[in-house]
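The sequence and the model are shown first, and the description follows.

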Amino acid sequence: MQPCHPARARTLLAKGRAVVHRHTPFVIRLKDRTRKKSEVAGVEVGIDPGSQHTGLAVFTHQGGQRRGRFSVQLTHRGGQIRKRMGQRATYRRGRRSRDLRYRAPRFNNRTRTPGWLPPSLYHRVVTTTSWVDRLARWSPVRAIHLERVAFDVHALTAGRPLEGVEYQHGTLHGYEVREYLLAKWNHACAYRGATNTALNIDHIHPRSAGGSNRVSNLALACIGCNETKNNHPVGEFLKNKPARLKTVLAQAKAPLRDAAAAQSTRWALWRELDQRFPVHVASGGRTKYNRTRNHLAKSHTVDALAVGKLDTITQTVSTVLTAGCTGRGSHARTRADRHGFPRLRLPRTKQVHGFHTGDLVRAVVPTGKKNGTYTGRVAVRTTGSFNITTAEGPVQGINHRYVRLLQRSDGYAYTTRKEDGVSFPA
């Protein structure tokens with residue numbers, strides 16, 4: 001069936017026409033109608049890929065008008081994967097250099113297939129495609145709209161191919177740098193954190209004092225800070241705000257890792273999705289144009305709703321589901337110390353009384369100091385006394401007899417947040 005309003009879902013459940021198929025995201029399944037006997041218009045999915053977060057929006061698209069139905073923000077863990085792979089390599093090199101049996105290095109005897117991506121980057125592609133497949137199982141997805149490439153206004157307006165230095169002078173000159181700075185400084189003034197105001201590009205180390213035009217020397221400043229700072233060094237301008245000065249200097253030297261990761265995975269994501277669904281690609285320039293024309297705030301899920309060709313956005317969702325990638329645990333059954341040697345042995349089995357760590361459960365304790373109802377993620381113990389992490393905080397020492405399974409752990413931690421965009425009436 002089409003994604004429906006929560007009120008209609010409650011009515012279908014109360015009448016017995018539907019059953020709960022999944023708790024989070026909340027999915028119902030009709031009992032009195034089959035897929036062959038159903039007539040649905042179908043939905044489409046917009047994707048705004050990013051390095052740390054990816055936005056997905058399910059919407060209906062008729063007559064150039066889009067109505068948002070459901071939004072998901074994926075929080076990737078590529079940084080954690082990269083960190084753990086480096087830690088694993090450190091342990092391996094340490095064991096090789098000690099007075100142990102000789103272990104030949106194997107860093108250069110592997111072949112890589114064309115299009116190979118590091119695990120930290122490939123994780124972003126696999127997670128996004130996995131969620132698109134999930135949405136296709138739960139709703140009648142007809143097409144995918146993907147933001148694949150950066151926009152190039154100069155190439156479109158010049159009327160001829162551009163070469164070499166020509167790209168650096170013209171309509172596009174400085175525009176890509178500004179878009180990157182907006183993402184790097186979170187659309188806020190670097191010196192006082194002001195948002196929802198006009199922002200100028202400022203040289204952290206003034207050009208009059210030898211500062212360069214490199215991205216690492218550029219920051220965003222509101223009009224007031226830009227005029228007050230003028231050509232003063234940033235250390236002198238923020239001498240009374242040492243914490244802010246430290247943050248600005250650290251953020252300015254941050255590498256372009258996020259931009260490189262997003263650019264590396266866009267084409268791989270398109271190739272994966274193109275094998276499954278009809279995919280319509282669009283540029284970031286069109287996404288921003290659609291979003292600003294419809295007076296929507298900046299967020300990954302709103303950008304996903306605004307991807308591609310459209311006239312107006314008549315409705316957005318008010319609550320966004322945030323799915324943080326947590327993984328499914330570790331194959332290692334030991335914990336290593338700082339030297340890489342095992343210091344703690346974990347149980348051989350992960351299942352205790354039918355529960356796994358990370359399962360979504362509800363515990364109803366009738367009596368005692370912990371009497372009440374608790375819903376959240378469970379951490380199992382072989383003693384049968386579980387810990388449950390709820391929205392209010394962790395609760396320890398809940399007996400397994402009071403615990404009921406709601407949903408198996410699927411490698412994600414779910415939370416909700418309010419959408420930053422403007423919600424239109426239906």
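## Strand pairing and salt bridges

In this predicted model, L360 has R377 as its bridge partner in strand 15. The two strands involved are strand 14, residues 360–365, and strand 15, residues 372–379, which pair in the antiparallel sense over 6 bridges.

Strands of a sheet pair through backbone hydrogen bonds, and the pairing can be parallel or antiparallel.

A336 has P342 of strand 13 as its bridge partner. The hairpin has 5 residues between the strands, and G340 takes a positive phi near 95°.

For the chain as a whole, the count is 11 helices and 19 strands. Of its 426 residues, 38% are buried. Among contacts with a separation of 6 or more, 61% are between residues 24 or more positions apart. The accessible surface is about 25600 Å², and carbon and sulfur atoms account for 51% of that surface.

Turning to charged pairs, side chains of opposite charge can pair when their charged atoms come close. The structure holds 11 salt bridges.

| Pair | N to O distance | Separation in the chain |
|---|---|---|
| R17 and D32 | 2.7 Å | 15 residues |
| D133 and R276 | 3.3 Å | 143 residues |
| D359 and R408 | 2.9 Å | 49 residues |

The side chains of R17 and D32 meet in a salt bridge. This pair links distant parts of the chain, with R17 in the loop between helix 1 (6–14) and strand 1 (18–22), and D32 in the loop between strand 2 (27–30) and strand 3 (43–48). R17 has a relative accessible area of 31% and is therefore partly exposed. D32 is also partly exposed, at 46%.

D133 and R276 form another salt bridge. Here D133 lies in helix 3 (residues 119–138), while R276 lies in the loop between helix 9 (257–274) and strand 9 (279–283). D133 counts as partly exposed at 21% relative accessibility; the cut-off for buried is under 20%. R276 counts as partly exposed at 40%.

Which residues meet in a salt bridge at 2.9 Å, N to O? They are D359 and R408. D359 is in the loop between strand 13 and strand 14, and R408 is in the loop between strand 18 and strand 19 (412–418). Is D359 buried or exposed? Its relative accessible area is 1%, so D359 is buried. R408, at 39% relative accessibility, counts as partly exposed.

Beyond these pairs, R22, R134 and D410 are linked in a network of salt bridges.

Conventions
Residues numbered from 1 in each chain as written. Predicted model: local features only at pLDDT ≥ 70, side-chain atom pairs only at ≥ 80, totals over all residues. Heavy atoms only, no water. Pairing = 2+ DSSP bridges. Helix = DSSP H or I, 4+ residues; strand = E, 2+ residues; numbered from the N terminus. Buried < 20%, exposed > 50% of the residue type's maximum accessible area, 1.4 Å probe, protein only. Contact = heavy atoms within 4.5 Å. Areas by Shrake-Rupley, 256 points an atom, 1.4 Å probe, with all protein chains shown as cover. Salt bridge = Lys/Arg side-chain N within 4 Å of Asp/Glu carboxyl O.
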